[in-house]
Amino acid sequence: MKLIFELDNIKIWGEEICLQPDEPMRAAEQRTAAEMVRSIFGPDFAIDHNTDGAPEVHGTGAEISVSHGAGMVIIAVAPEGHHIGVDIEAPRPQLQRVARRFVSADDSASLSLLQLWTGKEAAFKAAGISGLYISDIPITGSGNSAVAHLPDGRLLSVHYHDMPERSLIALAEGGDGSPAGSKP
């Protein structure tokens, strides 16, 4: 496991998924995430999930977000109360095929399809809004940073980090003390 990058008080950890013989990929992802949590927080800690299905690690004073893709598991860790979401994805033909379902006229034309997908997925996780669809989250910006506009008026900062093999990590964060950032 290695620290991929740090942004303010948020750390992004990554680990390649190593399949065991006859192990399904989903089981390998879960095993890798569990091993990472023990490495980050200590041997007595484990991933649990809240009522909405979001991951949490009780007793750590931390918020986490987990993503798996491009052969890796990524875990973002932030101080308690700092709402975050992380996503990792590699370019794949399916994104082009489903683009009309998640790209909106309000999205920045200067962002790639991969940036829009990962940014929306990360923002969805950080938003904590029941019934939200990623198509309801316009992303604006360019380069390695953007802003996710939530339907309730809140804004999330989205930061992109390029990985080997053309994969991309998006981190959405809303700041301390608020559900996911506030109106400008």
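Glu173 is buried yet has no salt bridge, and Arg154, the nearest side chain of opposite charge, is 12 Å away. In this predicted model, the side chain of Glu173 instead has a polar contact of 3.1 Å with the side chain of His82.

**Glu173 and its surroundings**

- Glu173 belongs to strand 11, which covers residues 168-173.
- Apart from neighbours within four places in sequence, the contacts of Glu173 are Ile10, His82, His83, Ile84, Leu156, Ser157 and His159.
- The adjacent residue Ala172, with neighbours within four places again left aside, is in contact with His83, Ile84, Gly85, Ala122, Ala123, Ala126, Leu156, Ser157 and Val158.

**Nonpolar core**

- The largest nonpolar core is made up of 24 residues.
- Inside this core, the residues with the most contacts are Ile137, Ile139, Ala148, Leu156, Val158, Tyr160 and Ala172.
- Two or more residues come from each of helix 2 (93-102), helix 3 (113-127), strand 9 (145-149), strand 10 (155-162) and strand 11.
- Helix 3 gives the largest share of this core, seven residues.
- In soluble globular proteins, nonpolar side chains tend to be buried together.

**Helix 1**

- The buried residues of helix 1 are Ala28, Glu29, Thr32, Ala33, Met36, Val37 and Phe41.
- Among the elements covering these buried residues are strand 2 (10-16), strand 5 (62-69) and strand 6 (72-79).
- An α-helix has 3.6 residues a turn, so residues three or four places apart point the same way.
- After helix 1 comes Gly42, which has a positive phi, near 125°.

**Salt bridges**

- The structure has six salt bridges.
- Side chains of opposite charge can pair when their charged atoms come close.
- Within helix 1, Glu29 and Arg26 sit three residues apart, about one turn of the helix, and they form a salt bridge whose closest N and O atoms are 3.5 Å apart.
- Glu29 counts as buried because its relative accessible area, 12%, is under 20%, whereas Arg26 is partly exposed at 47%.
- Arg92 and Glu89 form a salt bridge with an N to O distance of 2.5 Å.
- In that pair, Arg92 is partly exposed, with 32% relative accessibility, and Glu89 is buried, with 12%.
- Asp107 and Lys120 are joined by a salt bridge of 3.1 Å, N to O.
- Asp107 is in the loop between helix 2 and helix 3 while Lys120 is in helix 3, so this pair ties together parts that are 13 residues apart in sequence.
- Asp107 and Lys120 are both buried.
- A network of salt bridges links Glu23, Arg31 and Glu35.

**The loop between helix 2 and helix 3**

- Ala105 is located in this loop, between helix 2 and helix 3.
- Ala105 has a relative accessible area of 81%, which is over 50%, so this residue counts as exposed.
- Ala105 and Pro138 are 33 residues apart along the chain, and their C-alpha atoms are separated by 8.3 Å.

**Two further glutamates**

- Glu121, in helix 3, is buried and has no salt bridge; Lys125, the nearest side chain of opposite charge, is 5.4 Å away.
- That distance of 5.4 Å explains why the two are not paired, because a salt bridge needs a nitrogen to oxygen distance within 4 Å.
- Leaving out neighbours within four places in sequence, Glu121 is in contact with Asp87 and Ile134.
- Glu16 lies in strand 2 and is exposed, with a relative accessible area of 57%.
- Residues up to four places away in sequence aside, Glu16 touches Thr32, Gly71 and Met72.
- The C-alpha atoms of Glu16 and Gly69 are separated by 9.6 Å, and the two residues are 53 residues apart along the chain.

How values were computed
Residues are numbered from 1 along each chain as its sequence is written. This is a predicted model: local features need pLDDT of at least 70, side-chain atom pairs count only at pLDDT 80 or more; totals for chains, interfaces and linings use all residues. Side-chain values use heavy atoms; hydrogens and water are left out. Buried means under 20% relative accessible area, exposed over 50%, partly exposed in between (1.4 Å probe, protein chains only). Helices (H or I, at least four residues) and strands (E, at least two) are DSSP runs, numbered from the N terminus. Contact means heavy atoms within 4.5 Å. Lys and Arg count as positive and Asp and Glu as negative; His and the chain ends are not counted. A polar contact is a pair of N or O atoms within 3.5 Å; within protein, one must be able to donate a hydrogen and the other to accept it, and residues adjacent in sequence count only if both atoms are side-chain atoms. A nonpolar core is a set of buried Ala, Val, Leu, Ile, Met, Phe, Trp, Tyr and Cys residues joined through side-chain atoms within 4.5 Å.
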